[in-house]
Amino acid sequence: MSQARPLGLRTAVLCGFGLVHVAAVLVFGATSTQWFQASIGNDLLWLRLAIGWATCQLSLALLSAAVLQRAARLPRGARGRARTVALGISAGLHALITSTSVGILLWAARVSMGHVLGGTVASLLFGLTHLAYADLDLSWLPTLYETVTTLQGLSSALIVVLSMSCWFLVPTARRARFWWGFDAVLAVAFVLVTTLFPISSAEGDETSLLRAVVRVSVTTIFGVRVILRLVGPLLSLFERIGFRSMVAARHLRAKKTGFLAASSTLSILAVAVSSCMLISVLSVMGGFRADLKKKILGNHAHIVIDKAYEELDDWEPLLTRTRETEGVVGATPFLQVEVMVSSLSNRAGAILRGIDAETVSEVTDLAQNLTHGKLEYLQHPERILDASIDTTKTGALDAMINDAEHAAAKGLPDETKEDSMPGLIVGQELARALRLVVGDRVTVVSPRGDLGPTGLIPKTRPFRIAGIFYSGMYEYDMKHAYIDLSVAQRFLRSEGRISGVEVKVEEVEDAPALAAQLASMVGLSGLRVRDWKMMNQQLFGALALEKLAMFITLGIAVLIAGFSVFGTLTLLVQEKRREVGILKAMGTSARGVIRIFVIEGLLIGAAGGLMGLGLGFVLTFAAEHFGIRMNPEVYYIDKLPVHLDPTEFAVVGAATVLVCLAATLFPAYQASRVRPVDALRYD
Amino acid sequence: MSDPLVSVQNVTKTFQHEGRSLQVLKGIDLDIGSGEMVTIVGPSGAGKSTLLHLIGTLDLPTEGRILYGGQDVTRLGSSDLAEFRNRSIGFVFQFHHLLPEFTALENVMMPGLIQGRRRYDARAKQLLEEVGLSERLTHRPGELSGGEQQRVALARALLMEPKLVLADEPTGNLDSQTSASVHSLFFDLNRRHGITFLIVTHSRDFADMMPRRVSMKDGRIDSDERRAQPLENQGKPA
Ligand SMILES: Nc1ncnc2c1ncn2[C@@H]1O[C@H](COP(=O)(O)OP(=O)(O)O)[C@@H](O)[C@H]1O
Ligand SMILES: [Mg+2]
């Protein structure tokens with residue numbers, strides 16, 4: 001080849017190196033905290049990192065110099081010369097900025113070598129300004145640092161853009177060869193990760209998490225490449241459907257003039273981004289709803305049978321009949337009243353629930369939610385002390401007290417022992433507010449007291465903390481306390497009576513129907529039967545409304561993407577006016593022309609929509625399986641909940657296609673109005 | 001004489017241009033019989049292309065009727081017209097007007113594709129062979145020379161076995177040698193298949209060869225001469 005090739009090997013290497021470099025910056029930036037923590041005090045690791053970094057910068061600088069020297073030899077005005085020069089300059093500047101700033105920061109931090117290695121370089125590399133400068137009295141450094149970071153960010157973006165545009169200077173055949181190689185490697189990698197790596201990570205295991213992330217990333221890239229490879233054959237297949245799809249597919253395949261090419265790429269991206277956003281947000285909101293539902297269903301019964309203002313007297317037959325009803329998994333009685341719980345340090349109001357420890361697990365997740373203690377302690381409070389000595393880590397003093405109490409309890413006759421200090425289970429937040437641990441003693445004040453000379457005297461009784469639960473709902477963890485049902489009946493002077501029956505059903509969505517059935521069964525005894533949906537109507541209603549509002553807001557984003565499809569098609573119709581004229585002269589009807597352009601718009605929409613949904617799926621899948629940590633102090637959940645709902649994907653896809661369809665109608669109509677005479681007359 | 005293939009009766013065409021009306025055709029009467037080869041000559045701006053478009057139903061006359069076998073096509077609805085054009089008329093324009101995204105073969109098949117499911121592969125290939133392009137089936141218009149493009153356009157015009165082929169300066173931007181070969185192709189097709197041609201041309205040589213010559217001037221038909229000695233086979237019923 002005698003013809004001058006603007007893109008030599010060096011530029012290609014610089015392209016690749018620049019991209020990899022930028023990717024490395026992003027990855028390190030995102031995981032800087034881990035790196036920092038892993039190597040704090042590990043001077044050797046930091047030294048290695050710094051040396052590696054410096055080598056990167058140096059080679060980047062050398063490469064850019066080589067490329068510049070080469071580009072300078074190209075004739076002025078040669079295709080790609082400007083791009084190559086720009087790439088060389090920006091890569092060189094990037095290297096220069098980085099190395100200079102590293103130098104300055106090293107000098108500034110020369111006070112302590114350990115500091116340099118452990119802090120400053122780290123901060124420069126990974127954006128931990130606050131950590132590095134905490135004990136450096138150099139107020140100008142952060143400013144310098146921020147400037148440098150901004151410059152680096154800008155030049156990184158430049159390098160990415162320029163590298164990609166330089167990539168198109170490579171001859172097509174060579175690019176195709178590259179992609180074949182790339183795909184081959186990718187296919188091998190895909191097979192490897194699929195056979196070797198797990199799809200989701202084991203809890204808390206960093207390596208398996210990393211492997212799962214690698215597997216999902218490789219699978220995603222592989223999927224993208226497969227789809228890209230399939231686009232051509234698929235379009236060819238599509239062309240065979242008929243004349244209209246054939247013309248539409250050819251129009252889309254044809255090399256377009258600059259602006260239209262940019263516009264159609266942008267509109268596909270706009271559709272993709274907006275639908276991805278929509279589906280991700282909906283999935284997260286669905287996740288919140290599912291999380292809430294799970295928590296509500298775990299802590300509450302699916303159906304509650306009670307009386308509005310009274311307690312139930314003769315409840316045993318009701319319980320048996322409920323249990324025998326088809327669809328019911330379990331039923332348990334409860335007695336509930338509002339009390340005051342006071343510890344040595346504090347006091348708080350709570351809902352005290354007497355529960356049947358034997359059957360409560362049939363209905364709620366209380367047993368699983370216990371983070372400390374055991375459910376059986378409610379019936380055998382004497383075991384609390386046996387266990388608490390070795391399980392609860394307390395100070396020497398506490399241990400002594402425990403020992404003493406333990407010894408005292410042992411000396412008492414069985415019955416007194418059981419009755420003297422029954423167990424109480426409280427929520428995590430209540431425990432925190434009252435500063436309680438398992439084995440502690442609290443006093444519960446009941447409003448149902450004895451009648452004294454001055455009126456009602458509240459009844460008090462000491463309890464021992466038998467367990468602490470965490471339900472994930474702040475309200476619940478703050479307000480609920482459980483004791484044994486028989487203890488509650490005695491304490492609350494409701495011998496033989498209960499507040500109601502809690503029921504668990506097989507299929508939660510059937511709860512309303514089953515509730516109606518139970519209501520007809522219990523008849524007119526003044527009982528009311530409520531299901532979980534009814535009891536949490538407002539909460540779920542608010543969530544549904546919020547989700548709808550979100551759908552509408554983000555739907556508007558999709559709508560705006562629709563506008564860009566509209567613009568692209570209008571341009572396309574302009575560009576294809578003459579061809580529409582030819583087609584009409586050859587006997588294409590106006591409807592046929594409309595359909596051609598509608599199909600084109602739909603193809604654009606479908607491409608964008610599929611991309612968006614695919615990306616959304618990968619994002620939500622990753623979020624669901626790898627988890628995005630959240631601050632539990634703020635949100636009361638530790639992981640961003642995500643729920644993938646196939647119907648939502650279908651709805652978002654349908655909405656996207658509908659919007660694109662609407663966007664095509666007017667341009668398509670315009671195309672159908674093109675008069676062949678006008679289009680053909682003068683060129 | 002039996003019914004002519006096309007009968008143009010008292011057709012006028014008026015364009016509105018910047019508020020003024022401009023009468024381009026001022027009452028045209030013309031009958032073309034089946035299998036005839038007719039050329040329209042005349043100075044630029046005489047209204048030749050306009051007349052051709054009207055006959056080809058690409059535009060509607062302001063007044064007058066255009067009859068195909070006794071049927072007034074000016075009264076047809078737009079989709080019926082499209083259908084009619086597809087089946088009965090073939091066009092060849094000065095600038096070939098091929099579809100750039102399609103290969104030569106696909107361009108030739110296009111009228112058949114528009115019409116429906118039937119594939120016209122074999123016929124299209126045969127036509128391309130007839131115009132001498134059997135080696136260029138998969139070339140795009142951009143990869144063909146001007147003469148070749150015009151041949152493809154001719155093959156396309158013939159695909160549906162139309163009653164009438166309209167050609168507007170088909171050799172207007174070809175060199176004389178290429179023009180001559182395209183011209184002889186027209187005669188060849190007329191002789192072999194009895195196809196009716198109506199050709200607008202500025203080429204004196206070509207016009208002289210044609211059996212019937214209609215001269216237009218200023219929106220009117222100036223003269224309508226038939227050659228004393230018609231070419232062999234001329235006027236043969238289709
Ligand atoms: N759409 C139009 N609007 C206004 N004037 C037109 C239009 N189309 C054609 N004309 C005019 O009609 C006249 C005849 O045009 P045409 O039929 O193309 O002539 P020619 O005989 O050269 O083919 C020209 O003067 C042209 O300016
Ligand atoms: Mg003309």
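# Briefing: chains A and B with ligand 1

In chain A, residues 24 or more positions apart make up 76% of the contacts with a separation of 6 or more. Keep in mind that this is a predicted model.

**Chain A overall**

- Chain A runs to 683 residues, and 44% of them count as buried.
- Its secondary structure comes to 28 helices and 10 strands.
- About 35,100 Å² of chain A is accessible surface, with carbon and sulfur atoms holding 64% of that area.

**Helix 24 of chain A**

- Helix 24 covers residues 577-585 of chain A, and 7 of its 9 residues are buried, so the rest of the structure largely encloses it.
- The buried ones are A:Glu579, A:Val580, A:Gly581, A:Ile582, A:Leu583, A:Lys584 and A:Ala585.
- After the helix comes A:Gly587, with a positive phi near 105°.

- A:Ile594 sits in helix 25, which spans residues 590-626 of chain A.
- How far apart are A:Ile594 and A:Ala668 in sequence and in space? They're separated by 74 residues along the chain, but their C-alpha atoms are 4.6 Å apart.
- Setting aside neighbours within four places in sequence, A:Ile594 is in contact with A:Ala668, A:Tyr669 and A:Ser672.
- A:Ile594 has a relative accessible area of 25%, so it goes down as partly exposed; the cut-off for buried is under 20%.

**The ligand 1 site**

- Ligand 1 has 13 residues around it, and the closest are B:Gly45, B:Gly47, B:Lys48, B:Ser49 and B:Thr50.
- Which chains contribute to the surroundings of ligand 1? Both A and B have residues there, so the site is shared between chains.
- By type, the shell splits into 6 nonpolar, 5 polar and 2 charged residues.
- Strand 2 (20-32) and helix 1 (48-55) of chain B each put at least two residues into that shell.
- Helix 1 of chain B gives the largest share, with 3 residues.
- For polar pairs, start with the backbone: a polar backbone atom of B:Gly45 is 2.7 Å from an oxygen atom of ligand 1.
- On its own, ligand 1 has 560 Å² of accessible area, and the protein covers 74% of that.

**Where chain A meets chain B**

- The contact involves 26 residues of chain B and 23 residues of chain A.
- Between them the two chains bury about 2,300 Å², with 64% of that area on carbon and sulfur atoms.
- On the chain B side, B:His97, B:Glu101 and B:Ile114 lose the most area to chain A, and together they account for 27% of what that side buries.

- B:Asp59 is found in the loop between helix 1 and strand 4 (63-68) of chain B.
- Is B:Asp59 buried or exposed? Its relative accessibility is 8%, so B:Asp59 counts as buried.
- Beyond residues up to four places away in sequence, B:Asp59 touches A:Arg675 and A:Val677 from chain A, plus B:Lys13, B:Phe15, B:His53 and B:Leu54 from chain B.
- With B:Lys13 there's also a side-chain to side-chain polar contact, at 3.5 Å.

- As background, most residues other than glycine have a negative phi.
- A:Arg493 isn't a glycine, yet its phi is positive, at about 55°.
- You'll find A:Arg493 in the loop between helix 20 (485-491) and strand 9 (500-505) of chain A, and at 41% relative accessibility it counts as partly exposed.
- Over in chain B, B:Glu161 has a positive phi too, near 50°.
- B:Glu161 belongs to the loop between helix 5 (146-158) and strand 7 (164-168) of chain B, and its relative accessible area of 58% makes it exposed.

Key:
Residues are numbered from 1 along each chain as its sequence is written. Chains are lettered from A and ligands numbered from 1 in the order in which they are written. This is a predicted model: local features need pLDDT of at least 70, side-chain atom pairs count only at pLDDT 80 or more; totals for chains, interfaces and linings use all residues. Side-chain values use heavy atoms; hydrogens and water are left out. A residue is near a molecule or strand if one of its heavy atoms lies within 4 Å of it. A polar contact is a pair of N or O atoms within 3.5 Å; within protein, one must be able to donate a hydrogen and the other to accept it, and residues adjacent in sequence count only if both atoms are side-chain atoms. Accessible areas come from the Shrake-Rupley method with a 1.4 Å probe; for residues, only the protein chains shown count as cover. Helices (H or I, at least four residues) and strands (E, at least two) are DSSP runs, numbered from the N terminus. Ala, Val, Leu, Ile, Met, Phe, Trp, Tyr, Cys and Pro count as nonpolar, Asp, Glu, Lys and Arg as charged, and the others, Gly among them, as polar. Buried means under 20% relative accessible area, exposed over 50%, partly exposed in between (1.4 Å probe, protein chains only). Contact means heavy atoms within 4.5 Å. Buried area is the accessible area (1.4 Å probe) that two parts lose on being put together, summed over both.
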